[in-house]
Amino acid sequence: AWLKEAAITLSNPLDIWLPYSETGYFPANRANGIGLRFAAKRGQKINISLTKKTQENLAMYVDLWQTYPLSENRSPKFLSAADTVTLSLEYLVNEDSAFIVRIQPELLKQGEYTLTISAGPSLAFPIPQNVKSSIISLFGTGRDNGGRKHEGIDILAPKHSPAVASANGVITRVNENALGGKVIFLRPDNASYNLYYAHLESQLAKEGQRVKTGDILGLTGHTGNAKFTVSHLHFGIYTNNNVAMDPLYFVKSDYKEPPKISVPLSNLNNWMRSGKNIKFYADQFFAGTNFILLEENTLLQPVAASGNLYRVVLPDGKKGFVTALSITSALNPLKRFTIKKSLSIFSNPDASSSPKKLLAPGEKINVLASFNDYYFIS
């Protein structure tokens with residue numbers, strides 16, 4: 001059952017948007033698993049953190065996979081796994097792609113957890129934070145009447161602003177050329193690319209010099225073909241084969257905190273039922289069309305809370321998101337019946353499920369919710 005759940009969570013993940021956070025609870029009475037899929041850009045660093053709140057010594061397993069479009073007919077590719085003590089994971093994205101975080105707890109143990117997933121720049125911004133700056137031109141825009149494309153980003157900053165090292169590394173070249181004017185190349189440690197600083201007014205770093213993140217390499221200006229433009233830094237990234245890469249997501253920092261949880265955690269792993277015309281979403285994007293309508297009083301179970309949403313499981317194992325206001329407790333009976341003839345009750349709303357008990361005529365039952373052609377009773 002545990003291995004089957006591992007396969008299901010990987011093949012049928014739920015789509016989320018970063019940054020994402022949820023608090024959930026793993027019960028001990030079944031094999032559990034979470035599969036969450038999200039997109040990230042080349043140059044970003046994915047950060048995954050899982051914390052446990054449990055009195056038991058509950059082991060949890062966290063791994064990261066790269067996934068591919070359905071048209072490619074490729075299985076997810078394993079990338080990395082978190083240490084089971086620290087339960088944190090970082091991964092540098094080397095191509096635009098979708099990723100799946102899979103989490104499974106140890107069997108037969110229970111506990112609460114909080115998961116946080118974010119993606120941010122893998123390099124420091126090349127202009128210090130205390131200098132007013134802004135990105136004014138992006139990678140790939142036309143240059144010289146369409147004769148070439150921009151091979152970096154332009155960052156507006158006052159003349160003589162410091163241009164700083166975006167990573168620890170070694171200065172590999174300090175020279176001058178017609179396009180970039182006064183330029184500097186920096187090779188980050190353990191990287192397969194070089195950072196390119198251009199249009200500098202002055203170069204302070206020397207070839208062969210080892211630098212640390214934040215060290216001043218030069219001062220911004222408008223040398224080279226930027227002679228008649230405002231002072232700015234042209235920042236580029238080139239592979240070992242001198243192929244330009246879009247540097248935007250390597251340095252763009254627009255981190256936001258995940259939405260705070262605003263729904264009661266006391267509902268987790270309790271039986272709930274849906275209201276009228278409730279949308280059951282296969283992803284976190286509530287403005288989309290990827291949903292099904294649940295019949296009123298459909299049985300479901302919240303297993304995690306995220307913002308104002310619950311991540312829920314239906315009796316047939318389908319997983320998705322619903323708004324907190326759309327569900328209520330299934331403890332209060334909807335109807336009461338007196339059994340008129342012998343009737344079997346089942347553990348699951350499934351014709352293949354084994355009978356749990358035989359009710360005799362005259363026994364009373366409470367109807368709490370429904371699923372397909374079955375009542376959920378007490």
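Entry: I am working with a predicted model. I looked up an open sheet of three strands and found the order 29-32-33, with antiparallel pairing. Strand 29 (335–338) and strand 33 (374–377) are the edges, since each pairs on one side only. From one strand to the next, the twist averages 55 degrees.

**Entry: one pairing in detail.** I then followed strand 32 (residues 364–371), which pairs with strand 33 in the antiparallel sense over four bridges. I noted one partner here: Val367 has its bridge to Ile377 in strand 33.

**Entry: salt bridges.** How many salt bridges does a search of the whole structure find? My search came back with 10.

- Arg102 and Asp63 form a salt bridge, with 3.0 Å between the closest N and O atoms. Arg102 sits in strand 8 (residues 97–105) and Asp63 in strand 5 (residues 60–67), so this pair links distant parts of the chain, 39 residues apart. I checked burial too: both Arg102 and Asp63 are buried.
- Arg74 and Glu72 form another, their closest N and O atoms lying 3.1 Å apart. Arg74 counts as partly exposed because its relative accessibility is 47%. Glu72, at 38% relative accessible area, is partly exposed as well.
- Arg210 and Asp189 also form a salt bridge, with the closest N and O atoms 3.1 Å apart. Arg210 is in strand 18 (residues 210–211), and Asp189 is in the loop between strand 16 (181–188) and strand 17 (193–203), so the pair ties together parts 21 residues apart in sequence. Asp189 is partly exposed, with a relative accessible area of 35%.

Technical notes
Residues numbered from 1 in each chain as written. Predicted model: local features only at pLDDT ≥ 70, side-chain atom pairs only at ≥ 80, totals over all residues. Heavy atoms only, no water. Pairing = 2+ DSSP bridges. Helix = DSSP H or I, 4+ residues; strand = E, 2+ residues; numbered from the N terminus. Axes fitted to C-alpha atoms, helices over the stretch in contact; angles between N-to-C directions. Salt bridge = Lys/Arg side-chain N within 4 Å of Asp/Glu carboxyl O. Buried < 20%, exposed > 50% of the residue type's maximum accessible area, 1.4 Å probe, protein only.
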